[in-house]
Amino acid sequence: MIKLIRKFYYGDYDSTNPGASLNTNEKLSEETSWPLWEIFVRSKQGLDHKHVGSLHAADAAMAIENARDVYTRRNEGISIWVVQSKYIHATNAEDADSLYDPANDKTYRHPTFFDLPDAVKHM
Amino acid sequence: MQVNALFLYTQRFDMETDAIEKIFQQKIDEEIKIEPKDWMPEKYRQTLIRQISQHAHSEIVGMLPEGGWIKYAPTLKRKAILIAKVQDEAGHGLYLYSAAETLGIDYLTMMEQLVSGKAKYSSIFNYPSLSWADMGAIGWLVDGAAILNQVMLCRTSYGPYARAMVRICKEESFHQRQGFDILYTLSQGTDEQKAMCQDAINRWWWPSLMMFGPKDEASTHSDQSMNWKIKRKSNDELRGQFVNMIAEQVKVLGMTLPDPDLKWNEEKNSYDFGEINWDEFWNVVKGNGPCNKQRIEARRKAHEGGTWVREAALAYADKKKNKSKAA
C-alpha cells in the first residue's frame with residue numbers, strides 16, 4: 001500500500017498528531033537541533049502578516065532577531081510574528097475535495113449568480 | 001456527498017502506484033504547484049532534496065571565497081557592500097535549507113552531509129580568489145550564471161522551492177551589479193588595474209561556464225527533472241543564454257573573454273564558443289579542485305566550533321522557560 005499521508009515541517013503538520021517527530025527515511029541527526037519557527041511579516045501598516053518562511057531558533061526572542069536579519073534586510077516589513085511550527089495545525093491535501101467542495105456547489109453565494117434587470121445600474 | 005468523498009478517498013489507497021503518479025504528473029502538466037503535504041513520488045522528493053540541499057550548500061560555501069576578502073576591501077564602501085553581499089548568501093542558504101526541510105530532511109543532517117563530503121555543492125567555489133578583481137568577476141560571472149538558473153527555478157514545480165527562489169532572485173541582481181561595478185572601476189583605472197581585471201575574467205570564465213553542469217547528452221538527471229518541471233531549461237540552453245549575455249557586456253569593460261572560438265553566429269542568432277575542459281570539470285566535481293579540501297575543512301570547523309553555541313542557546317532557552325513556569 002502506498003503511504004499517502006506524511007508529516008512535514010513548514011506549517012504543514014498533521015493536526016491529529018501535532019508536534020510529532022518526523023518519520024522519514026532520512027537519518028535524523030543525533031544532535032538536538034533548535035526548534036523550527038514559522039515567520040510572518042507585515043509589510044506595511046494596514047496589511048496582514050504574511051507567511052514568508054521558516055528558521056531554527058532556540059527561543060522566540062532569537063527567532064524574532066534572526067527573522068529580522070533574514071527576512072527584512074530590504075524594508076520588507078515593519079512587524080514580525082513568529083510561531084513554533086509544531087503548534088500550527090493544518091488540513092490535509094487529501095481532504096481537499098470533500099472539504100472545499102461545498103463552496104463550489106453553492107454558486108448563489110456569489111453575487112454574479114443573480115441576473116439583474118438592466119434598469120438597475122449599480123448594486 | 002460525504003460518503004462519496006470517503007469512498008474516493010479510501011479507494012485511492014488501493015490504487016496502483018502508476019495511477020497515482022499519473023495524477024501527480026497531470027498536476028505538474030497543468031502547472032499546479034506541488035506543496036509539502038501533497039503526495040509525490042519518492043524519487044521526486046529525493047531529487048528535490050538533493051538539488052535544493054546542493055543549492056543551499058553552494059550558497060554557504062560560496063561565502064568562503066568572498067569572506068576572505070572583506071578585510072582587504074580597498075575602501076570602506078566596498079567593504080560594507082561585500083559584507084552585505086556575503087550576508088545575503090547566508091540568507092539564501094537559509095531560505096533553501098528551509099525549503100529542503102519541508103521535504104522531511106532536517107538541517108543538521110544536511111550540514112553533516114556537507115562536512116562529511118557526501119553532499120555536493122557548486123564546483124565553482126573550489127577555485128581560489130586571488131585578487132580583489134576576483135570579487136568583481138565572481139559577482140559578474142558566477143552570480144550572473146547563478147541568476148539565469150535561479151530565474152528559471154522561480155517557476156519550478158515544488159512550491160516552497162519556487163518561493164525561496166523568488167526571494168533570492170530579488171536580491172541577486174544587486175550581487176551581479178556590484179561585481180560588474182568593481183570590474184568597471186578597475187577597467188577605467190591604471191594599466192595594472194586593467195591587467196588585474198582581465199586576469200580575473202580569464203580565470204573565472206571557464207569555471208563559470210561549467211556551472212551549468214554537463215552537456216545535455218551527458219546529464220544524468222535532466223530528463224526526469226524536465227518532465228517533473230523541477231528544471232525548465234536544459235543545461236546547454238542556459239549556458240548559451242549566459243554566453244550571449246556576457247559576450248556583449250565584456251565589451252563595455254573593454255576586456256576580452258579567454259576563448260579564441262567565441263564568435264557571433266548570424267544564422268543561430270547567438271554566439272558560438274569553444275569546448276569546455278570536461279576533464280577539469282569532472283575532476284573538480286570529484287573533489288580534486290584547487291580548494292575542495294580547504295572549503296570542506298572551513299565548513300567543518302565552523303560547524304563543530306558552533307556546537308557549544310547551539311547547545312548553550314538551547315540550555316539558556318530551557319532555563320528561561322523553567323523560570324517563567326516557576327514564577
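Predicted model: local features only at pLDDT ≥ 70, side-chain atom pairs only at ≥ 80, totals over all residues.
Q: What conventions apply to the numbering and to the model?
A: Residues are numbered from 1 along each chain as its sequence is written, and chains are lettered from A and ligands numbered from 1 in the order in which they are written.

Q: How many residues does helix α13 of chain B have, and what span does it reach?
A: Helices (H or I, at least four residues) and strands (E, at least two) are DSSP runs, numbered from the N terminus. The expected span of a helix is 1.5 Å times one less than its number of residues. Helix α13 (residues 292-305) of chain B has 14 residues and reaches 20 Å from its first C-alpha to its last, close to the 20 Å expected.

Q: Which residues of α13(B) are buried?
A: An α-helix has 3.6 residues a turn, so residues three or four places apart point the same way. Buried means under 20% relative accessible area, exposed over 50%, and partly exposed in between (1.4 Å probe, protein chains only). In α13(B) the buried residues include B:Asn292, B:Arg295, B:Ile296, B:Arg299 and B:His303. They cover an arc of only 95° around the axis, which puts them on the same side of α13(B); the arc is that of the directions from the helix axis to the C-beta atoms. On the other side, B:Lys293 and B:Lys301 are exposed.

Q: What covers the buried residues of α13(B)?
A: Contact means heavy atoms within 4.5 Å. The cover includes α3 (42-61), α4 (63-67), α6 (107-115), α12 (278-288) and α14 (307-326) of chain B. From α6(B), B:Leu108, B:Met111, B:Leu114 and B:Val115 meet B:Ile296, B:Arg299, B:Arg300 and B:His303 in α13(B).

Q: At what angle do the axes of α6(B) and α13(B) cross?
A: Axes are lines fitted to C-alpha atoms, for helices over the stretch in contact, and angles run from 0 to 180 degrees between N-to-C directions. Angles under 35 degrees count as roughly parallel, over 145 as roughly antiparallel, 65 to 115 as roughly perpendicular and the rest as oblique. These two axes come within 9 Å and cross at roughly 140°, so α6(B) and α13(B) are oblique to each other.

Q: Which residue forms a salt bridge with B:Arg203?
A: A salt bridge is a side-chain nitrogen of Lys or Arg within 4 Å of a carboxyl oxygen of Asp or Glu. The partner of B:Arg203 is B:Asp199, with the closest N and O atoms 3.0 Å apart. Being four residues apart in helix α9 (residues 191-210) of chain B, they are separated by about one helical turn. In helix α13 of chain B, B:Glu304 and B:Arg300 are also four residues apart, and their side chains meet in a salt bridge (2.5 Å, N to O).

Q: Which parts of the chain does the pair B:Arg78 and B:Asp181 link?
A: Their side chains meet in a salt bridge (2.9 Å, N to O). The pair links distant parts of the chain, 103 residues apart: B:Arg78 is in helix α5 (residues 76-101) and B:Asp181 in helix α8 (residues 159-187) of chain B. B:Arg78 is buried at 12%, whereas B:Asp181 is partly exposed at 32%.

Q: Where does B:Lys229 lie, and what is its phi?
A: Most residues other than glycine have a negative phi. B:Lys229, although not a glycine, has a positive phi of about 55°, and lies in the loop between α10 (222-227) and α11 (235-253) of chain B. B:Glu31 also has a positive phi, of about 65°.

Notes. Heavy atoms only, no water.
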